[in-house]
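Hi there,

Here is the structure I promised to pass on.

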2 protein chains.
Amino acid sequence: MRIEEIDLRELTSSFEFFIKEGQKARLQHLLISMHPSDIASVINRISKDEYRLYLFNLLDKEAASDTILKIDEAVREDLVELLEREILTEIVDEMESDDATDFIAELPDDIAKDVLESVEQEDADDVKQLMQHREDTAGGIMALEIVSVNKDATVDEAIMEIRKKAEEIEEIYTVFVVDNENKLVGQLSMKSLILARGQKPVAEIMERDVASVHVNMDQEDVAHYARKYDLVSIPVVDDEYHLLGRITIDDIMDVVEEEAAEDLQRMAGISDEEELREPSAFRIVRGRIPWLIFGLVGGLWGAEVIKLFEGQLSKVHILAIFIPSILSMGGNIGMQSSAIIVRGLATSEIDFKDIYKRLFKELKVSLINGIALGMILFVYAVIRMDVQNSTAHKVMIHPLELGMVVGLSLLTVILVAGFVGTTVPLLLKRIKIDPALATGPFITTSNDIIALFIYFAVATLILHI
Amino acid sequence: MRIEEIDLRELTSSFEFFIKEGQKARLQHLLISMHPSDIASVINRISKDEYRLYLFNLLDKEAASDTILKIDEAVREDLVELLEREILTEIVDEMESDDATDFIAELPDDIAKDVLESVEQEDADDVKQLMQHREDTAGGIMALEIVSVNKDATVDEAIMEIRKKAEEIEEIYTVFVVDNENKLVGQLSMKSLILARGQKPVAEIMERDVASVHVNMDQEDVAHYARKYDLVSIPVVDDEYHLLGRITIDDIMDVVEEEAAEDLQRMAGISDEEELREPSAFRIVRGRIPWLIFGLVGGLWGAEVIKLFEGQLSKVHILAIFIPSILSMGGNIGMQSSAIIVRGLATSEIDFKDIYKRLFKELKVSLINGIALGMILFVYAVIRMDVQNSTAHKVMIHPLELGMVVGLSLLTVILVAGFVGTTVPLLLKRIKIDPALATGPFITTSNDIIALFIYFAVATLILHI
């Protein structure tokens, strides 16, 4: 049974009802037919901690182990605090090494220590070994459970090796072939093993051109690599090509989703990854307010720019009317050009060396956009504005002059915004700062300040004020 | 050989040099050791069409078929126009049905027709069948090459079936089990086939709880489904569970990347998907200018709002100074709150029914942010502004009053922007418009207009102007 069209809410209510009534047999019957991911969805939605605990304790240890990994982080944190240490230990024993490591890393320190002491020695060693790698590297996402055979082995021996590991590893896609020093020399697909005669040496049927990744490779690069070469199971090696572990495609999918979410959030000016369910308001504020303060300070710099031209503004207060148009265009153009660069950098389709080509293209685009939009603004100003007659200051501004000011300013602003939007992410990437950070508030804010300056400078020059 | 650290530029120059010199043997030697993805990267970077063609024609048909799929769309379009029909046909014959379909769909109509007429009958039928499905559904991304056996078959018979399809299907992860009416009843992992005795009926070792997707399911939903249940190969079925095809994980990865890119671009106000290499400036403008015009028109509405308060502005021109701060905060807050909703909707972690809960949380966040940021703006105004003395209009504004105006306006603007940013994407999703469209220009622009109105209204009320 998969929950697809069924309303998760209704299902959750039924579960809550049965839990309240203590209908243990009925609940167990339901749980047995459900996929761990669906059980996790229900547990996420159950509102009371004790109900969650009751339901979770009805699972056998294998289902419990699969389910807990799929529960939302915030819910999981509450749940593990309530679980008995003994059950936690059993759950970890069931997990593959990469999951066990992530899971234990999330536990409060005292619980983590207890669990590590009570799990099987081998599992504890694996976790300790994996914890030495940085979380966002190949080493941080790899699992140690692999099927590997010596290059002198036969197909039958490879199959025996699979049999030995079958219990421990849920899905096996590839058997790795190593030399006597455990260096990776080839790989066998399951298809080739099924089709080959048992006595055949694996060396005769293995692929020798194996795509492996270094243990320190950034997880984002691992994802590109997997996607570029269509890999389902990627061997992880050290400097000397010793086989250390493997990364499977489901972990790669998680990386891709994670990085996409991160880029999107950073573009929107959210610095910490924000959880979607149950984060406290203060935690959300903590992730969001830094860029808001940054934006506000940027706005105050904008205020300073206007203050600089206060004399002109007091003579022609109508200049204020076009501030929103000028600002929003600077921001939008900056967003568009930088989003393309950020995306291209993320997928490695653009690199720093392309800067002149990109810039040239972007300036052409900005020129076309600038002329078109500048003309719209010009026409609007000419049609909608009356002759500005500030008797107090003896200035008279004709709508045509005003149109010239706003049209020309907009063109200039758009050219500059396109330039800034293109170069800033490339430069940031160059100095190894995440370019996604630049796209949102940073570029919008700096474009605002520049745009205001251009606008008032052009107005001062053309209107002689 | 994989190109990883090697500079792609240098490699491309070497290739261009050898092509110019006509060193065919040397080029072929190089090509043989390279992965199709890397060959494609080089071809993407080669600048002259005739060089690309020369190099591509050196590939054997299998490598050519793998390579052409990895070449950038714009480059591929140029290349296929130059290729002989005969070679195109050979290339298509080598492809799996899903790739062949996408490839032929991209060809100019006359070439597509020619190719479809000359490829093997079976391939042509497959392509015609697949073309009937919408591109962004499970049917649009599935392949027809599957290994399936009847539920009464033995393990040995399943292996014979694999042997029969081994040539045609590059990677086999799963053997599907069907009943006499070709309805999906189970699946076999390669591991289980390797480990089982040959005479055993597959019905005894198959998994019966198979996760399948309907042929009309949206590809984004297929991706969520695959990720939720950690699937590597997904069977596609019709209403009656007849097995139609399968989707493999590499296609899912493409969907995930595609959708993430689309969300990011839409958020930045780019309506067509923008290619990263070689699009013409006019094509880029076409994708970007609609939202820019939208934004400009929004800015003009902002101008109208200010015009509405022209009397007040002429009395207290200094009000213009705070327009940038107020506007940028409205925009930033709107971006942050909507980005979270858009992301949550994309990954199905949020749905419309959560609207009240999300709204309540968002208003709490906005309240905290609004009070903090409003106080900053208040303090700035009190410190930096002098007493505004407009003798012409007999108004005197104390910095404290001005501080009150801007602080209170900002708080109100932030509350409203949080509300708009949360509700608009949820409502759009409700009426089946892509909420990512809303996040960028739409919310920023409407927040601008609302913010200006709030600011000038608060100023009018507090300053009695």
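Let me start with a pair of residues in chain A: Val175(A) stands opposite Leu188(A), which belongs to strand 3 of chain A. Please keep in mind that this is a predicted model.

The strands around that pair are worth a look too. Strand 2 (residues 174–178) of chain A and strand 3 (residues 184–189) of chain A run antiparallel and are joined by five bridges. Together they form a hairpin, with five residues between the two strands. In the turn, Asn182(A) has a positive phi of about 65°.

Now to the interface. On chain B, 94 residues are in contact with 94 residues of chain A. Helix 17 (residues 281–308) of chain B gives the largest share of the chain B side, 16 residues. By residue class, that side of chain B has 54 nonpolar, 20 polar and 20 charged residues.

How do helix 16 of chain A and helix 16 of chain B lie relative to each other? Their axes (residues 249–267 in both chains) come within 10 Å and cross at roughly 0°. With angles under 35 degrees counted as roughly parallel, the two helices are therefore roughly parallel to each other. The residues making this contact include Ile249(A), Met253(A), Val256(A) and Glu257(A) from chain A, and Ala260(B), Asp263(B), Leu264(B) and Met267(B) from chain B.

Best wishes

Definitions and conventions. Residues are numbered from 1 along each chain as its sequence is written. Chains are lettered from A and ligands numbered from 1 in the order in which they are written. This is a predicted model: local features need pLDDT of at least 70, side-chain atom pairs count only at pLDDT 80 or more; totals for chains, interfaces and linings use all residues. Two residues are in contact if their C-beta atoms, placed from the backbone, lie within 7 Å. Helices (H or I, at least four residues) and strands (E, at least two) are DSSP runs, numbered from the N terminus. Ala, Val, Leu, Ile, Met, Phe, Trp, Tyr, Cys and Pro count as nonpolar, Asp, Glu, Lys and Arg as charged, and the others, Gly among them, as polar. Axes are lines fitted to C-alpha atoms, for helices over the stretch in contact, and angles run from 0 to 180 degrees between N-to-C directions. Angles under 35 degrees count as roughly parallel, over 145 as roughly antiparallel, 65 to 115 as roughly perpendicular and the rest as oblique. Two strands pair if DSSP finds at least two bridges between them.
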